[in-house]
Amino acid sequence: QVQLVESGGGLVQAGGSLRLSCAASGFTFSRHTMAWFRQAPGKEREFVAGIKWSASNTAYADSVKGRFTISRDNAKNTVFLQMNSLKPEDTGLYYCARGRGEFTIVVRVATTQVDYWGQGTQVTVSS
């Protein structure tokens, strides 16, 4: 069965960095767009970054552009999110997500275009 397991979250001071990883299994990873979402307490889950199955295209939320970088290693079935210059407003539960369908052109993934979610990893940024 499809599994997405996130790791790398934690507590960091403002201005610091974290690197999230998502290990995927149970499907052909190299055929799917992958994405990261986050959800802060009392807020809706929001798109953070997406990467095409071929890694040739990426997309970012405006709030993280220039600070976060999404990447993937198709040989290791893993997607990463490098987060630099973290701000307190980046605090939330970060989810790895698989885009529905194989070899799609969608990179800026909507929640309705996700067919599998990970359990999430907590990121807390202190001021």
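Hi everyone! Keep that in mind while we look at this structure, which is a predicted model.

So, how many disulfides does a search of the whole structure find? The search turns up 1. The partners are Cys-22 and Cys-96, and their sulfur atoms sit 2.1 Å apart, which means the pair falls within the 2.5 Å cut-off. The angle about the S-S bond is -80°, making this link left-handed.

Now, which parts does the pair tie together? Cys-22 belongs to strand S3, residues 18-25, while Cys-96 belongs to strand S9, residues 92-99. The bond therefore connects parts that lie 74 residues apart in sequence.

Are these cysteines buried or exposed? Cys-22 has 0% relative accessibility, so it counts as buried. Cys-96 also comes out at 0%, so Cys-96 counts as buried too. For reference, the cut-off for buried is under 20%.

Let's stay with strand S3 for a moment and look at its sheet. Here 4 strands form an open sheet, in the order S1-S3-S8-S7, with antiparallel pairing. At the edges you'll find S1, residues 3-7, and S7, residues 68-73, each pairing on one side only. On average, neighbouring strands of this sheet are turned by 15° against each other, ignoring direction.

Notes:
Residues are numbered from 1 along each chain as its sequence is written. This is a predicted model: local features need pLDDT of at least 70, side-chain atom pairs count only at pLDDT 80 or more; totals for chains, interfaces and linings use all residues. Side-chain values use heavy atoms; hydrogens and water are left out. Two strands pair if DSSP finds at least two bridges between them. Helices (H or I, at least four residues) and strands (E, at least two) are DSSP runs, numbered from the N terminus. Axes are lines fitted to C-alpha atoms, for helices over the stretch in contact, and angles run from 0 to 180 degrees between N-to-C directions. Buried means under 20% relative accessible area, exposed over 50%, partly exposed in between (1.4 Å probe, protein chains only).
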